[in-house]
Each structure stands twice: as C-alpha cells, then as structure tokens.
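Hello,

Here is the structure for your set. My notes on the core and the charged pairs follow below.

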Amino acid sequence: MAVSLRSRWVFLPLILALGAVTLYFLRLSIAHEAQPRPEDVHAPEPRKGPFYKNITDRKIAPPLPEYFPLAAKANSRSDLPPVPSWNQPPKEHVPETTRLYIGFTRFWPLLQQAVVSYIAAGWPPEDIYVVENTGTMDANKRGLLTVQNPFYLDYHRLTSLLGVNVITTPSLQTFAQLQNLYLSEAINNNLSYYFWSHMDVAVHSHEDREPFKSLYMHAVDVIRETQQPDYLVDEQGNKQEWGIQFFAYDWLSLVNVKTFADLGGWDTMVGYYGTDCDMYSRLSMNNLAQPVQDAGMVYDVTTSLDDLEILFRRRPKTRKAETRDTSDRKGGSYNSTIPSPNKSYFESTEEDERGGEGFRKLAAMLEQIQQDKRDDKYRNSWQLRQNGGEGEPYYYDPDGFEKALQMTIEVGTKINEEKWGHKGCDIKAAGLKEGDQWRVDHDHTFD
C-alpha cells in the first residue's frame with residue numbers, strides 16, 4: 001500500500017520526540033556512570049602534626065645577680081647586719097599575735113626583699129610565714145631548683161639565716177585559694193586576726209616622724225586599737241564590726257578572722273583579678289568597716305635594690321674608735337669574738353643616724369623603683385624575668401605558664417562579671433547588695 005508524502009510528515013514530530021527522550025536518558029546514564037562511588041572518594045591527606053612553634057629565638061635570661069651578698073657569705077644569723085636599734089622589737093614578744101603571711105610563686109629576689117625589709121622594720125622573723133606556692137612540692141626545700149628557675153627560692157636562707165617560717169602548698173594555688181589558706185591557717189591556730197602582705201613590696205618605718213615608732217610597733221598599735229571597747233562605736237552607742245585594716249591598700253593588711261569566715265571567705269571561682277573587688281564589696285555590703293591605717297612606708301615594687309644591706313641602715317665608720325653592735329635580737333647581732341665571713345663589714349661600718357641622709361637615700365631609691373613599676377605597661381613584668389629550669393623537678397614551660405595564667409585570670413574576671421551582672425570593681429556603687437550574686441541580669445556595663 002502506497003504511503004503518501006503527507007502521511008510521512010505526520011510521523012516526523014513523533015520521531016523527533018522519541019529521539020529527544022532517548023538522548024535525555026542517555027545523558028543521565030553517562031553522568032551517573034561518571035560520578036565516583038563514595039567508597040572510591042579519597043579525602044586529601046591531613047597535615048600530620050605535631051606542629052612545633054619556632055623557639056629558636058627564645059633566649060634564656062642572664063643569671064640573676066646576688067642581691068644580698070652578706071647573706072650569701074653568712075654561716076649563721078649572727079653574720080647578718082643587726083636590725084637598727086630604733087626598729088628593734090621588744091625583747092619580750094608583745095602579748096598580741098603578729099603573724100604575717102607572705103605568698104610566693106615566682107621571682108625570688110622580690111620575695112627576699114620583702115622579707116628582709118619587714119625584718120629590718122622590726123617585724124620578728126619568727127612571726128613571718130612565707131607561703132611557698134610554687135607547685136614544686138619539696139624541690140626548694142631539698143635544693144633541687146636553680147636560681148634561673150622562676151619557682152626557685154632559697155629555703156635555707158629564709159629559714160636558717162633569716163629565721164622565718166616556710167609553709168609549702170601541696171599544689172599551685174590561685175590568689176583566692178591562697179587567701180583562704182591564710183584564713184584556714186588562722187582558724188586552725190585559733191587566731192582572731194592575722195596580717196598578710198604581697199611579696200612585691202618593700203617597707204620601712206617612718207624614721208623622720210616624731211614621736212617615733214617602728215613599722216612593726218605601729219602595726220601592733222592598730223591591733224590594740226581594734227580591741228578597745230569603744231572602737232567603731234558611734235554617738236548612739238552602735239558598734240560596727242570591722243573586716244580588714246588596710247595599710248597602703250592591701251599591700252599590707254590586717255584581717256579579722258571571724259568576719260571573713262562568716263562571709264564564707266574568698267570566692268575561689270574568681271581566682272585572681274576581681275576577687276579582691278568581690279571580697280571587699282561583700283564586706284561593705286555587710287556593713288563591715290575597712291579602715292585605712294598608716295604603719296610605715298609600703299612600696300609596690302618591680303625589682304630589688306642592688307644590695308639589701310642598705311635596709312639595715314648602716315654607714316661607713318666616721319670615727320676611729322671601734323664601735324660594736326650589742327643587740328641581743330635573735331640573729332643579726334655581731335659578736336667580735338666569733339670569726340665571721342663578714343667581719344670586715346662589721347668592723348668598717350656603724351649604725352646610721354635615724355631619719356638622716358641615709359634614710360632619705362633609701363626612701364628615694366624605693367620611690368624610684370615604685371615609679372618604674374607604675375610606668376611599666378605590664379606592671380607585673382617582673383614575673384617574666386626568669387625562664388630557666390628545664391629538666392628540673394616539676395618543670396613547667398615559663399611561656400606556657402604565663403599564657404595559662406592569663407587565660408585563667410580572664411576566665412575568673414568573666415565569672416565575677418556574670419556573678420554580679422556588672423563589669424568593674426564598683427559593685428556596691430552599682431546598687432548591688434548581698435544576696436544578688438548570680439540572681440541579676442547584665443546591666444549597662446555590658447552594652
């Protein structure tokens with residue numbers, strides 16, 4: 001049967017449609033075949049670690065100088081300079097307890113300076129308690145750390161020569177934990193109060209004031225003042241309790257054990273900066289007084305005097321006649337009949353004049369050291385001056401320690417801000433009160 005030309009054209013659209021469909025499915029099939037199977041896909045090889053930092057430019061700090069040469073040569077406490085006669089504590093200890101805690105973690109020269117300056121200002125060595133908070137267990141007591149180790153301290157010099165006590169923490173404590181350790185020690189020893197001091201301070205008595213009293217005896221007077229029946233009693237007969245007595249803020253302070261314990265001590269969740277704001281604000285919120293006292297000069301310092309001998313206030317002899325120190329203070333009393341490695345020093349020096357040129361020179365030197373700290377962009381740069389000790393017991397990388405410390409400080413600061421819903425130290429002034437802890441939202445300081 002013949003098919004007309006017109007009939008042929010009828011099938012053309014159908015043929016084209018079938019071709020298009022076939023082509024479409026053919027392309028899908030080819031594309032699917034081209035896709036790799038999941039099991040055939042290989043991720044790029046990861047860059048394998050560990051990746052070490054470049055520490056080739058890290059330089060070990062030069063060895064620390066000896067800041068107390070007389071102590072380095074001394075065999076006993078009698079080889080050290082005597083406490084100036086005007087600062088000597090009473091031969092019989094005062095009836096009051098005058099325990100002084102000084103915490104230490106890093107940089108031995110500043111701790112030594114603080115301890116020596118308190119002794120020279122009349123504080124009985126047996127009342128000074130250095131709290132070694134280095135995290136190195138008994139390594140310092142056994143003499144296993146070198147002077148370039150940031151956590152080094154001279155245990156022998158502190159105890160045997162200077163005559164102070166050393167308490168070693170079982171592990172590294174934060175500032176707040178250390179404060180609670182002082183409080184716990186006081187409670188366990190049935191103390192009603194105690195003093196504590198920063199280690200980066202140097203002190204001396206007001207030698208140029210009359211009537212004169214040593215820094216130590218002024219501190220004792222403050223204790224006696226707080227024990228008077230009419231202390232902090234107003235005109236209506238209402239008595240206010242006190243929490244802490246400040247001597248140059250808390251560079252040196254006197255703590256009331258009962259009031260601190262009643263408030264629960266320091267908040268250890270706020271380990272470093274901000275924990276003082278929290279503690280002192282809570283004292284204020286609970287109407288606990290925080291008087292400011294003056295016992296002597298207390299300097300906030302960043303380095304040590306070149307020779308701590310200057311704190312004992314001696315001068316070259318100005319007369320030919322031999323003068324001898326006859327002080328019977330425990331330690332630091334030269335006896336010319338006993339051979340001493342420092343014999344030439346004792347024979348060539350004599351006690352200086354109280355409040356004279358030597359005193360003004362000492363005060364100017366300490367004032368300059370304090371000013372240097374104020375001018376330093378990082379006021380605690382002294383903590384970074386030792387970076388040795390690798391291979392010694394309980395070694396901790398100095399740079400790593402500093403980085404971890406700064407991270408811990410930052411976390412504690414944020415915790416304190418969340419606790420009070422406020423940024424800054426003006427917690428009470430912001431309208432907050434006892435009981436608001438962790439119960440308030442962020443205020444405007446977070447905007």
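**Salt bridges and core**

Lys-414 is partly exposed, at a relative accessible area of 47%. Its side chain meets that of Glu-410 in a salt bridge, 3.5 Å from N to O. Glu-410 is partly exposed too, at 43%. Both residues sit in helix α11, four residues apart, about one turn of the helix. Please keep in mind that this is a predicted model.

In total, the structure holds 24 salt bridges. Arg-360 is partly exposed at 47% relative accessibility, while Glu-357 is exposed at 54%.

Asp-267 and Lys-419 also form a salt bridge, with the closest N and O atoms 2.8 Å apart. Asp-267 is in the loop between α7 (257-262) and α8 (275-285) and Lys-419 is in helix α11 (residues 398-420), so the pair ties together parts 152 residues apart in sequence. Asp-267 is buried at 16% relative accessibility; Lys-419 is buried at 5%.

There is also a salt-bridge network: Glu-207, Arg-313, Arg-315, Glu-350 and Asp-352.

Now the core. The largest nonpolar core has 73 residues, and Leu-111, Tyr-118 and Leu-158 have the most contacts inside it. Helix α3 (residues 108-120) gives the largest share, nine residues. Tyr-118 touches residues including Leu-100, Trp-123, Val-201 and Trp-251. Another core, of 22 residues, lies apart from this one; Phe-246 and Met-279 are among its members.

Best wishes

Technical notes: Residues are numbered from 1 along each chain as its sequence is written. This is a predicted model: local features need pLDDT of at least 70, side-chain atom pairs count only at pLDDT 80 or more; totals for chains, interfaces and linings use all residues. Side-chain values use heavy atoms; hydrogens and water are left out. A nonpolar core is a set of buried Ala, Val, Leu, Ile, Met, Phe, Trp, Tyr and Cys residues joined through side-chain atoms within 4.5 Å. Buried means under 20% relative accessible area, exposed over 50%, partly exposed in between (1.4 Å probe, protein chains only). Helices (H or I, at least four residues) and strands (E, at least two) are DSSP runs, numbered from the N terminus. Contact means heavy atoms within 4.5 Å. A salt bridge is a side-chain nitrogen of Lys or Arg within 4 Å of a carboxyl oxygen of Asp or Glu. Lists of a residue's contacts leave out its neighbours within four places in sequence.
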